[in-house]
Amino acid sequence: MRPEIGVLGAGAFGTALAIALAQAGRRVALWSRDAAQVRAMALTRENTARLPGVDLPAGLTPVSDLDEAARAPVLLLAVPAQSLRRLVEENAHALQGRVLVACCKGVELGSGLLPTQVLDDVMPGGRHAVLTGPSFAADIARGKPTALTLAMAGRGDDALQEALSTHHLRLYLEEDVIGAQLGGALKNVIAIAAGVVLGAGFGESARAALMTRGFAEIGRLAEQRGGQAATLFGLSGFGDLVLTCTSEKSRNFRHGQAIGRGEAPDDSQTVEGVMTAHAIAADADPDMLPVTCMVSALLRGKVGLEQAKDLLLSRPLRRERG
Ligand SMILES: NC(=O)c1ccc[n+]([C@@H]2O[C@H](COP(=O)([O-])OP(=O)(O)OC[C@H]3O[C@@H](n4cnc5c(N)ncnc54)[C@H](O)[C@@H]3O)[C@@H](O)[C@H]2O)c1
Ligand SMILES: O=P(O)(O)OC[C@H](O)CO
């Protein structure tokens, strides 16, 4: 039978969304480029590699043929932001005419584009949205209550909102696609910074300062790029910043924590904030985005921890707003 929703990318987030939607009665096809992973999921009814301990419901079909998943009218693209362009370019024929929902948080290195802008670039004229906001895959998969932002240009699509919402997964519509995506992308950078300060022992007050000043700089960037700072007060901004900067379940936070402790971060994990920091810092004014630029410099080894702290603290004093 034709799937109602296709999920492309069987990582932690794609699998969690597929589980939640299938649990709510939707027919879902979950595609992975790794045929062995698909066979294992079909056999064990579990994604042991990315989301162990949660059963795949009956309505979820793992598939290794992308065309099979792409028979669905709505496709969730759940790959890292730096992989999105390749996925869409390589499969443009199958994706034609589908509603494409980017489920990644990041800024593309080189182009500086946000996920829906990458989609617009590769498939101009298509219907493109982004699903973002505070959520850990394990929470969604286990049916814990979660609220997310479904951002798309124009008045939004009630039918799409309905199709992707469940009793436990509550979606809110948002028109400001730029603001929503910058909130989701930049909170990862600030979460790395938050992890660094706690890992280094700089203290919880320093983390609160970084979160607040980081939030201010995301707002400035949103306005510069044609979004609205007010969008940042929603789930995609404030909500996700709080979650990611305060939980050791966050890969971005843990990445920063390891650096702060002087340990090697776990490179096997998807840590979106690293590339996003570099993508934004590449052409940023450090006076406008001091935290993001400092995170990029620290990750590239251009400054050390103590030096990064001193450089941030020795900037000229300024007004809090404006
Ligand atoms: N894990 C979470 O809790 C969570 C929550 C919300 C949002 N997200 C976002 O979801 C996105 C994906 O994260 P994740 O946690 O699922 O990562 P993950 O590392 O668990 O999985 C990424 C998956 O993408 C696949 N992939 C990578 N490049 C691909 C390509 N070119 N073609 C096909 N498949 C490809 C990988 O094989 C892997 O299965 C990120 O942008 C992340 O910020 C994750
Ligand atoms: O594990 P992280 O740091 O990628 O965070 C996961 C989600 O984005 C939290 O909303």
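**Exercise 1.** Is K105 buried or exposed?

*Solution.* The model is predicted. Start with the location: K105 sits in the loop between β7 (99-102) and α6 (115-122). Next, take the count. K105 has 30 other C-beta atoms within 10 Å. Then apply the cut-off: a residue is buried if 20 or more other C-beta atoms lie within 10 Å of its own. Therefore K105 is buried. Last, list its partners. Leaving aside neighbours within four places in sequence, K105 is in contact with A81, T132, G184, A185, N188 and E272.

**Exercise 2.** Where is N252 found, and what does N252 touch?

*Solution.* First, the element: N252 belongs to helix α12, residues 251-261. Second, the burial: N252 has 27 C-beta neighbours inside 10 Å, so N252 counts as buried. Third, the contacts. Residues up to four places away in sequence are not counted; N252 then touches N188, A191, I192, T244, V271, E272 and G273. Compare this with K105: N188 and E272 are among its contacts too.

**Exercise 3.** How many residues surround ligand 1, and which are the closest?

*Solution.* The shell holds 24 residues. The closest are G11, F13, S83, C104 and T270. Now sort by element: α1 (12-23) and α4 (84-90) are the ones that give two or more residues. Of the elements, α1 gives the most, with three residues. Now sort by class: the shell has 12 nonpolar, seven polar and five charged residues.

**Exercise 4.** At roughly what angle do the axes of helix α9 and helix α13 cross? Describe their contact.

*Solution.* Two packed helices are described by the angle between their axes and the distance between the axes. Take both values. The axes of α9 (residues 177-199) and α13 (residues 272-281) come within 8 Å and cross at roughly 105°. Angles of 65 to 115 degrees count as roughly perpendicular, so α9 is roughly perpendicular to α13. Now name the residues. From α9 come A185, L186, N188, V189, A191 and I192. From α13 come E272, G273, T276 and A277. By class, this contact has six nonpolar, three polar and one charged residues.

Note on methods:
Residues are numbered from 1 along each chain as its sequence is written. Chains are lettered from A and ligands numbered from 1 in the order in which they are written. This is a predicted model: local features need pLDDT of at least 70, side-chain atom pairs count only at pLDDT 80 or more; totals for chains, interfaces and linings use all residues. A residue is near a molecule or strand if its C-beta atom, placed from the backbone, lies within 6 Å of it. Helices (H or I, at least four residues) and strands (E, at least two) are DSSP runs, numbered from the N terminus. Ala, Val, Leu, Ile, Met, Phe, Trp, Tyr, Cys and Pro count as nonpolar, Asp, Glu, Lys and Arg as charged, and the others, Gly among them, as polar. A residue is buried if 20 or more other C-beta atoms lie within 10 Å of its own, exposed if 12 or fewer, and partly exposed in between; C-beta atoms are placed from the backbone. Two residues are in contact if their C-beta atoms, placed from the backbone, lie within 7 Å. Axes are lines fitted to C-alpha atoms, for helices over the stretch in contact, and angles run from 0 to 180 degrees between N-to-C directions. Angles under 35 degrees count as roughly parallel, over 145 as roughly antiparallel, 65 to 115 as roughly perpendicular and the rest as oblique.
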